[in-house]
Amino acid sequence: MKHLSEYRDKHIAKKLIDAIWDLSETPVRLMEVCGSHTVSIFRHGIRQMLPETIQLISGPGCPVCVTARAEIDRAIVLSSYPEVIITTFGDMIRVPGSLSTLQKQRAGGADVRVVYSSFDALKTACENPKKTVVFLAIGFETTAPAIAATVLEAKRIKIDNFFILSAHKLLPPALTALLNSDRLNIQGFIYPGHVTTIIGTLAYEQIAQKHGIPGVVCGFEPIDILETIFMLIRQIEQGETTVEIQYKRGATATGNLRATEVLNQVFITCDSNWRGLGLIPESGLTLRDEYRSFAAEDYFDLKVQPAKDHPDCVCGEVICGTKNPAECRFYRKVCTPQNPIGPCMVSTEGTCAAYYKYYIA
Amino acid sequence: MVSDKIILDHGSGGRSSQELIEKLFLPRFGNSLLNELNDSAVFELGGAKLAFTTDSFVVDPIFFPGGDIGSLAICGTVNDLSMRGARPSYLSVGFIIEEGFLIKELEQILFSMEKVAFEADIQIVTGDTKVVPKGAADKIFINTSGIGLVPANIDIAGQNARPGDAVLISGTIADHGITILSAREGLFLDSPLKSDASPLNHLVQKMLNTGSEIHVFRDPTRGGLATTLNEIAIQSQVAIDIYEEAIPINESVLAASEILGLDPLYMANEGKLIAIVPQSQAEAVLAAMRETPYGRQAALIGQVKEQNPGKVVMHTTIGGKRIIDMLTGEQLPRIC
């Protein structure tokens with residue numbers, strides 16, 4: 001782990017912080033759009049080390065947080081069918097649907113299992129031929145290729161008791177929607193290293209050109225984040241608007257062509273509902289016709305009542321960066337990680353949960 | 001209660017467990033001894049000062065690198081007694097076994113219990129065995145209770161931390177939790193990950209023999225270092241500052257935690273203790289710890305402060321600060 005300790009070296013951190021303080025004059029708001037960045041910024045106490053001119057805003061980067069309530073409700077309906085095993089990633093089981101959570105369904109007898117990979121879900125299907133296994137697939141471009149590969153494998157081995165409930169989201173359309181809505185007042189993007197390893201930087205180039213907002217693709221260690229902030233401040237102070245890659249050990253401008261090929265082979269874009277942002281055209285992924293036999297929504301009757309978010313929950317504004325969690329009247333009083341009202345408090349990568357867990361007021 | 005059913009969170013050792021204790025158990029069973037919520041109850045009986053504790057073990061898998069459910073069941077109770085400064089003497093053992101369980105595996109578990117009991121110098125003096133139909137329990141569950149004598153001059157408890165005290169840890173954190181998860185999921189099989197399950201009573205005696213005034217002993221089991229420090233901060237109404245750089249952690253554990261996205265501060269330990277001692281005596285206690293097999297990597301990791309009582313603050317390696325909260329939600333069920 002020597003490699004890791006180098007990215008947490010306090011002497012390098014000190015040099016970068018000093019350089020940021022020297023360079024920063026104009027007040028700026030920088031938005032990170034990856035839950036891992038949000039957590040890393042809080043975990044390492046980065047906000048308090050920056051000059052007052054730099055404000056970090058957490059954007060729609062947590063895949064759990066942006067999953068619409070209706071999508072959870074559909075999984076909850078599925079979990080009540082006796083023959084169904086629901087599999088999903090850990091944080092999803094605690095996300096509040098309209099009336100329940102998958103965790104509560106499990107306590108009530110539903111078979112809900114946490115898996116670390118979609119291949120584990122497929123394995124569960126192979127091991128339980130008399131059951132129907134549904135994988136609640138969430139995540140951005142980072143997780144989608146692996147899930148696409150799982151669907152290909154399921155087709156290859158001709159398994160008929162494995163289904164995907166796809167709630168995948170694509171990051172660039174959400175950023176474009178935010179920028180077009182004039183809800184954002186930001187001067188720079190801290191772009192997600194992992195998503196970029198898949199999709200490359202083309203979408204960010206378009207944002208830089210069309211909206212005049214620079215961006216830097218950032219790694220996940222504190223030194224990565226400090227260097228990225230330094231690079232962004234340098235661009236802003238010098239009046240530049242380009243897309244740079246700080247996370248050179250992972251990301252390239254072209255991305256991972258093989259992964260995107262697999263993704264596009266299995267999935268096609270669709271309109272998608274985002275919690276807090278609403279319906280965004282072409283911002284989700286659904287299975288292509290050739291793979292529809294794995295689509296849970298085709299196999300099951302999944303009609304659910306239209307879902308309503310709590311009218312006073314400000315998660316939507318938190319996700320857009322227009323409010324911070326402390327401005328919500330529920331924050332810490334009734335909305336806690338134990339009893340989350342909105343999604344930003346559920347996931348460990350959610351902005352409200354990160355504030356709650358790490359932030360020294 | 002937030003939920004009308006028991007969910008796994010309630011057994012996590014974190015906030016939900018606390019809520020269950022405070023809202024359901026204490027209102028019915030509460031008394032001056034139980035209300036302290038220490039690792040064991042300490043009381044006088046027939047002129048003797050005794051520590052008494054109980055613990056149940058449901059770990060999955062039952063065999064893992066560095067131990068099994070049997071060694072864990074002995075270590076857990078020995079350590080809970082030791083955390084009050086007691087000398088553990090006698091343990092009870094209760095088994096709940098699922099029909100069909102292999103006698104060979106039971107023998108293997110009994111062998112490791114025997115081995116740890118010998119090492120800890122305790123005796124198993126009473127026991128019980130129940131067998132339940134297949135499916136009514138998962139393989140084997142074990143309960144152990146124990147008693148031990150507490151020397152008259154010893155008063156070690158979670159509520160005794162004082163501003164100015166030093167916070168010590170006996171070695172690397174998170175070994176047990178990460179090992180269990182890896183064993184369960186079949187991950188990192190060729191790595192040196194190993195549970196730290198071990199009886200700490202001899203280490204505790206060594207520390208007490210220095211004559212230092214030890215205020216608090218706690219073993220950071222479920223909920224990990226973070227949760228246990230929070231409990232101490234609340235019980236003693238003090239703040240605790242810790243230094244990220246000073247916390248010992250095995251490289252393989254750190255690597256596995258990073259890959260799995262788990263925070264080692266919240267991962268369980270089964271052979272580590274936190275000691276809170278006056279700053280002036282910290283070096284002497286540390287030196288004594290480092291002379292013992294389970295305290296070789298002992299380190300001073302923080303200080304007790306007066307301001308912001310109930311809060312634990314981490315000074316990060318790169319110079320930042322952040323709150324360390326209690327575990328919320330299930331980080332990982334059935335680790336012990």
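Predicted model: local features only at pLDDT ≥ 70, side-chain atom pairs only at ≥ 80, totals over all residues.
Which residues of α3(B) are buried? Residues are numbered from 1 along each chain as its sequence is written, and chains are lettered from A, and ligands numbered from 1, in the order in which they are written.

To the helix, then. In α3(B), the buried residues are B:Ile109, B:Met113, B:Val116, B:Ala117 and B:Ala120, where buried stands for 20 or more other C-beta atoms within 10 Å of a residue's own, exposed for 12 or fewer, and partly exposed for what lies in between, with C-beta atoms placed from the backbone. Viewed down the axis of α3(B), these buried residues fall within an arc of 105°, so they line one face of the helix; the arc is that of the directions from the helix axis to the C-beta atoms. On the other side of α3(B), B:Ile103, B:Lys104, B:Glu107, B:Phe111 and B:Phe118 are exposed. Helices here (H or I, at least four residues) and strands (E, at least two) are DSSP runs, numbered from the N terminus. The cover over the buried residues of α3(B) includes β4 (67-68), α2, β5, β6 (123-132), β7 (140-149) and α5 (201-209) of chain B. The helix is followed by B:Asp121, whose phi is positive, near 60°.

Now the setting of that helix. Chain B is divided into domain 1 (8-149) and domain 2 (158-323), with bounds that come from an automatic or database domain assignment. The C-alpha centres of the two domains of chain B lie 21 Å apart, and the contact between them takes 27 residues from domain 1 and 26 residues from domain 2, two residues being in contact if their C-beta atoms, placed from the backbone, lie within 7 Å. On the side of domain 1 of chain B that touches domain 2, α2 (69-82), β5 (87-98) and α3 (103-120) each supply at least two residues, and the largest share, eight residues, comes from α2(B). That side divides into 12 nonpolar, 11 polar and four charged residues; Ala, Val, Leu, Ile, Met, Phe, Trp, Tyr, Cys and Pro count as nonpolar, Asp, Glu, Lys and Arg as charged, and the others, Gly among them, as polar.

Turning to the partner chain, 24 residues of chain B are in contact with 27 residues of chain A. On the chain B side, α1 (15-29), α7 (251-260) and β14 (321-323) each supply at least two residues, and the largest share, four residues, comes from α7(B). The side of chain B that touches chain A divides into eight nonpolar, eight polar and eight charged residues.

Finally, a strand in chain A. How many of the residues of β5 (residues 132-137) of chain A are buried? Six of its six residues are, with A:Thr132, A:Val134 and A:Leu136 on one side and A:Val133, A:Phe135 and A:Ala137 on the other. Strand β3 (residues 84-88) of chain A pairs with β5(A) in the parallel sense over four bridges, pairing requiring that DSSP finds at least two bridges between two strands, and A:Ile85 stands opposite A:Val133. Strand β6 (residues 162-166) of chain A also pairs with β5(A) in the parallel sense, over five bridges, and there A:Leu136 stands opposite A:Leu165.
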